[in-house]
Amino acid sequence: MKKRQIIPVQIEGFQSDLVERLFSSLNVVSDEGSWVGTRPALTTIKAAVAGETGVFGMASYAGSLYVHTGLDVYKENTRIYAGTSPSTFCDFAEVNNLLFMSPAGNGVAVQVWDGSSNRQTTAESSAGYPLKAATICQHRGILWVANTGEADGVHETRLRWSAFAEPENFTPWGAGNYQNYEDIGSLTDPILRIVSFKNNLII
């Protein structure tokens, strides 16, 4: 029988406030074919991504705006990640003052931005195999990833989680060294997104 990791639900104060921070710092309306922005960052981004296909993800981190264009990730007018595999969305998750990104689905390793440089995460789904996931989020001090690409293939229904406050430590942890993943629901029904909302992780 597979053992399940017990998540410390008593921890308080680690819910995501990304949406609140993002929309309290921006004044933007966007519809098909047009942008309206009142902040300088938006004007800068509009110029930077003018030749791109659109915006498929957005985050606020350390006072700057980050966007995913379906292929690349920009910090305002600077490209910080040059993609080679298109994706229809990109999740961002801030944990321990690092910005984690899933810019190309479960075929590319999760990326980490520290405010000045980008790198591939040191987290692994198995020994020697980097963590790859289509969707990620921060919830209660833990980095969660789902719909993963692993050494033995793609696991579209798999949910993995880091150690608390150690977003690049995905080795089994806790009493009994319990397993740090769970396959959710039907194997034919992939996980599309995971979202932190108040005390709940929505899958």
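Residues are numbered from 1 along each chain as its sequence is written, and side-chain values use heavy atoms, with hydrogens and water left out. Since the model is predicted, local features need pLDDT of at least 70 and side-chain atom pairs count only at pLDDT 80 or more, whereas totals for chains, interfaces and linings use all residues.

**Exercise 1.** Determine the secondary structure content of the protein chain, and state what share of its residues is buried.

Solution. Step one: helices (H or I, at least four residues) and strands (E, at least two) are taken as DSSP runs, numbered from the N terminus. The protein chain then comes to two helices and 18 strands. Step two: a residue is buried under 20% relative accessible area, exposed over 50% and partly exposed in between, with a 1.4 Å probe and protein chains only. Buried residues make up 42% of the 203 residues in the chain. Step three: with contact meaning heavy atoms within 4.5 Å, 47% of the contacts between residues at least 6 apart in sequence join residues at least 24 apart.

**Exercise 2.** Work out the strand order of the open sheet that holds E7 and of the open sheet that holds E13, and name the edge strands.

Solution. Step one: two strands pair if DSSP finds at least two bridges between them. On that basis four strands form an open, antiparallel sheet in the order E7-E8-E9-E10. E7 and E10 stand at its edges with a single partner strand each, so one side of each has no neighbour in the sheet. The twist from one strand to the next averages 25°, where axes are lines fitted to C-alpha atoms (for helices over the stretch in contact) and angles run from 0 to 180 degrees between N-to-C directions. Within this sheet, E9 (residues 111-113) pairs with E10 in the antiparallel sense over three bridges, and Val112 stands opposite Arg119 in E10.

Step two: another four strands form an open, antiparallel sheet in the order E13-E14-E15-E16. Its edge strands are E13 and E16, each of which pairs on one side only, and neighbouring strands are turned by 25° against each other on average, direction ignored. E15 and E16 are joined in the antiparallel sense by three bridges, and the bridge partner of Arg160 in E16 is Tyr181.

**Exercise 3.** Trace the salt bridges that involve Glu150, and then locate the partner of Arg119.

Solution. Step one: a salt bridge is a side-chain nitrogen of Lys or Arg within 4 Å of a carboxyl oxygen of Asp or Glu, and a search of the whole structure finds six of them. Step two: Glu150 meets Arg158 at 3.1 Å, N to O, and both of these residues are buried. Step three: Glu150 also forms a salt bridge with Arg160, with the closest N and O atoms 2.8 Å apart. Arg160 lies in strand E15 and Glu150 in strand E14 (residues 142-150), so this pair ties together parts that are ten residues apart in sequence. Arg160 is buried, as is Glu150, and salt bridges that share partners join Glu150, Arg158, Arg160 and Asp183 into one network.

Step four: the side chain of Arg119 meets that of Glu168 at 2.7 Å, N to O. Arg119 belongs to strand E10 (residues 118-120), while Glu168 belongs to the loop between E15 (153-161) and E16 (181-183), so the pair ties together parts that are 49 residues apart in sequence. Arg119 is partly exposed, with a relative accessible area of 36%.
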